[in-house]
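This briefing covers how the chains of the structure shown below meet and how they are related.

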2 protein chains.
Amino acid sequence: MIQLDFEKTGGLIPAIVQDEATGEILMLAYMNQQAFEATLSTGKATYYSRSRQTLWVKGETSGNVQLVKEIRIDCDNDTILLKVEQVGRAACHTGHRSCFYKKVENGSIRIMGEPLFDPEEVYDK
Amino acid sequence: MIQLDFEKTGGLIPAIVQDEATGEILMLAYMNQQAFEATLSTGKATYYSRSRQTLWVKGETSGNVQLVKEIRIDCDNDTILLKVEQVGRAACHTGHRSCFYKKVENGSIRIMGEPLFDPEEVYDK
């Protein structure tokens, strides 16, 4: 049995999502115990949506699911690292490959890369 | 001016720390506004220690500081990604290179790799 420390942070712990093939960081999301167990049992990354307050199978709307290839836990048992195969072209709801497309440069933000899909076409159907 | 959303999570946001050269995830820590500004101004990763409730220059005890090479912000402005040069051999207080040395395999934990230093020698002087 894998004991994660969900209590330290009020029931949710962060999950870093890394592209298994390239090492790129795709996003960070949160899991509760139920999301972690669903991820283990289905092999598809499942998170807890803080805004919608519900379990959230990543890609359930966009089709851009994340197939979990490896799971790592940190020293304190309060952070998860998922190495995934990102189905579809992008992980971010903005259409960018990665959510981390804003680079800090000289005290301001520079947008890196271009969206790979139009969010309105994916989410507003 | 860079606006991060510290309020959503009560003043602290997670910072993913990635080895700039290899792409390996080294650790996850938390920053408040002051830690973020200190990181920007000094170029050394500075976090907020939730357990000690104080600013924490990573490596101040061990010497294993993190030189910040690139900073990324995510789509929602509530997560930071630091790409760093890890001074010394290891980022984790256990002596492991990465904090994510526990691999989930068949429902249990397998320890990956060996500590690169003895924590008692580093922290108990």
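A salt bridge here is a side-chain nitrogen of Lys or Arg within 4 Å of a carboxyl oxygen of Asp or Glu. By that rule, two salt bridges cross the interface of chain A and chain B. The model is a predicted one.

**Extent of the interface**

- On chain A, 38 residues are in contact with chain B, and the contact takes in 38 residues of chain B.
- The size of an interface is often given as the accessible area lost when the parts come together.
- Between chain A and chain B the buried area is about 3000 Å², and carbon and sulfur atoms give 64% of that area.

**Polar links and make-up of the interface**

- One salt bridge joins the side chains of A:Asp78 and B:Arg50, with an N to O distance of 3.2 Å.
- Between chain A and chain B, 16 residue pairs are in polar contact, counting pairs with both residues at pLDDT 80 or more.
- Six strands of chain A each give two or more residues to the side that touches chain B: β1 (13–19), β2 (25–31), β5 (66–73), β6 (80–86), β7 (102–105) and β8 (108–111).
- β5(A) gives the largest share of that side, with four residues.
- Sorted by class, the side of chain A that touches chain B holds 20 nonpolar, nine polar and nine charged residues.

**Strand pairing between the chains**

- β7(A) pairs with strand β5 (residues 66–73) of chain B in the antiparallel sense, over two bridges.
- Within this strand of chain B, B:Arg72 is the bridge partner of A:Lys103.

**Relation of the two copies**

**Within chain A**

- Over all chains, the salt bridge rule gives a count of 18.
- A:Arg97 and A:Asp19 form a salt bridge through their side chains, at 2.4 Å from N to O.
- That pair links distant parts of the chain, 78 residues apart: A:Arg97 lies in the loop between β6 and β7 of chain A, and A:Asp19 in strand β1 of chain A.
- Strand β3 (residues 46–49) and strand β4 (residues 54–57) of chain A run antiparallel and are joined by four bridges.
- Opposite A:Thr46 stands A:Val57 in β4(A).
- β3(A) and β4(A) make a hairpin with four residues between them, and A:Gln53 in the turn has a positive phi of about 55°.

Terms used. Residues numbered from 1 in each chain as written. Chains lettered and ligands numbered in written order. Predicted model: local features only at pLDDT ≥ 70, side-chain atom pairs only at ≥ 80, totals over all residues. Heavy atoms only, no water. Contact = heavy atoms within 4.5 Å. Buried area = accessible area lost by both parts, 1.4 Å probe. Polar contact = N/O pair within 3.5 Å; in protein donor to acceptor, adjacent residues only side chain to side chain. Nonpolar A, V, L, I, M, F, W, Y, C, P; charged D, E, K, R; others polar. Pairing = 2+ DSSP bridges.
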